[in-house]
Amino acid sequence: PLSGFARPGSGLARGGTGMSLERAMTSSRLGTAMTRPVTTSGRFVRLGTASLQSEPGGPFINLERINMQKYAARPAMARALCDYIFHVEHNPKKAVELCAAATQVANFKDWCWKARLGKGYYQLGLYREAEQQLLSSLKEQDMATTYLQLANIYNRLDQPLNALSKYEEALEKIPHETQLLIAAARVHEALNQSSKAVEFHKKVLALEASNVESLACLAAFQFYSDQPEVALRYYRRLLQMGVDSPALWNNLGLSCFHSGQFDMCLTCFERALQSAESDTQGDIWYNVSHIAIGIGDLGLAYQALKVALAADPSHVEAQNNLAVLELKKGNIELARGAFREAHRLGPHAFEPPYNSALLSFKLGDSQESYNLVTKALECYPEHADSKELLQQLRAKFV
């Protein structure tokens with residue numbers, strides 16, 4: 001127009017003038033939603049969820065900003081938050097704070113909050129407070145997890161009999177819970193009560209035939225009970241279930257060797273060495289040396305022990321057996337040094353001092369032999385050969 005002024009919207013092309021659809025949708029017509037000023041209310045988080053907002057590069061939830069009393073009044077949110085604190089943040093102090101507030105909101109009648117409060121006290125090392133909360137939870141509701149946590153407290157307090165009594169009490173009320181049976185079997189094994197542990201593992205397998213831990217424990221029990229054929233059946237069952245580990249192949253090789261299946265023995269050890277980590281190679285090579293000694297190949301046994309010590313320099317048994325092989329070769333000084341090194345690495349083992357005492361006795365060093373055999377008897381007072389050697393030394397001194 002000549003006046004130089006254009007009315008709002010008058011500059012838009014009318015229909016049929018060739019205006020495209022994209023231009024029509026992006027026009028700056030006043031009063032439409034396309035040109036509304038942006039409000040600032042959408043830039044802020046609602047006050048109710050501001051404490052749960054995550055910061056870029058920071059934790060998912062900032063626990064220091066959370067009002068535990070507020071979330072304790074919302075049971076569903078509180079339980080999810082409690083699980084997050086326990087299993088993700090690993091902050092038992094904050095979890096105890098939330099559980100205590102939620103327990104008060106529930107008028108001290110919710111077994112779940114009492115159990116979680118006991119779990120928090122347990123992680124903080126407050127065992128007696130945890131015991132009190134868990135016992136209170138069991139009065140409200142009998143739960144297997146609560147019994148397991150309570151028994152863990154007794155195990156930590158070095159009270160295995162109390163733990164076993166709780167397992168028995170739980171099994172009377174929940175007889176088909178495999179976790180309770182396995183936990184009781186573990187305590188019996190720690191108490192060196194292998195026969196009772198085997199009974200519990202058999203009950204577990206009656207309920208859950210594919211339980212890996214029970215199958216492995218039964219296999220080890222049968223192997224050390226001089227029944228390698230039965231142990232071989234259990235290990236083959238684990239192999240059929242898809243379990244593939246260096247320990248399994250190692251035990252399978254030992255079972256094959258002691259049951260007379262020599263053709264499978266070395267193949268199992270090869271599979272074990274292929275998948276073994278650096279912390280298990282020493283044990284596997286040590287067992288290979290035993291197989292070599294059993295078939296009379298002392299050269300292979302010597303090399304296997306050398307490799308075992310290279311993989312694990314602190315392997316006491318390998319050092320002791322290497323000293324015995326050095327002695328068979330006639331290297332007396334090397335053998336004595338290896339025996340001393342084995343005793344230094346494992347002062348709990350009785351074999352190195354006994355072997356060294358026997359060597360000193362044959363060499364005529366009675367005083368050294370007496371000192372060493374005394375150390376051997378301190379480690380294993382019931383060792384018959386050490387007792388016999390000590391009697392011979394005393395008779396010689398008299």
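This passage describes the fold, surface and selected side-chain arrangements of a single predicted chain. Residues are numbered from 1 along each chain as its sequence is written, and side-chain values use heavy atoms, with hydrogens and water left out.

The chain contains 21 helices and zero strands, where helices (H or I, at least four residues) and strands (E, at least two) are DSSP runs numbered from the N terminus. Of the 398 residues in the chain, 37% are buried; buried denotes under 20% relative accessible area, exposed over 50%, and partly exposed the range in between (1.4 Å probe, protein chains only). The accessible surface of the chain is about 23400 Å², with 53% of this belonging to carbon and sulfur atoms, as computed by the Shrake-Rupley method with a 1.4 Å probe, only the protein chains shown counting as cover for residues. Among contacts (heavy atoms within 4.5 Å) between residues at least 6 apart in sequence, 42% join residues at least 24 apart.

Thr146 is found in helix H7 (residues 144-156) and counts as buried because its relative accessibility is 2%. When residues up to four places away in sequence are not counted, Thr146 touches Ala115, Leu134, Ser137 and Leu138.

Aromatic rings of Phe, Tyr and Trp (its six-membered ring) pair if their centres lie within 6.5 Å, and planes under 30 degrees apart count as stacked, over 60 as edge-to-face and the rest as tilted. By this rule there are five aromatic pairs. The pair of Tyr122 and Tyr127 is tilted, because the ring centres are 5.7 Å apart and the planes stand at 55°, and Tyr122 is buried, with a relative accessible area of 17%. Phe257 and Phe262 form an edge-to-face pair, with 5.6 Å from centre to centre and 70° between the planes; Phe257 counts as buried at 14% relative accessibility.

Charged side chains also lie over rings, a term requiring NZ of Lys or CZ of Arg within 6 Å of the ring centre and within 35 degrees of the ring normal. Lys203 lies over the face of Phe200 at 5.2 Å from the ring centre, while the charged end of Lys329 sits over the ring of Tyr302, 3.4 Å from its centre.

Leu327, found in helix H17 (residues 316-329), is partly exposed at 33% relative accessibility.

How values were computed
This is a predicted model: local features need pLDDT of at least 70, side-chain atom pairs count only at pLDDT 80 or more; totals for chains, interfaces and linings use all residues.
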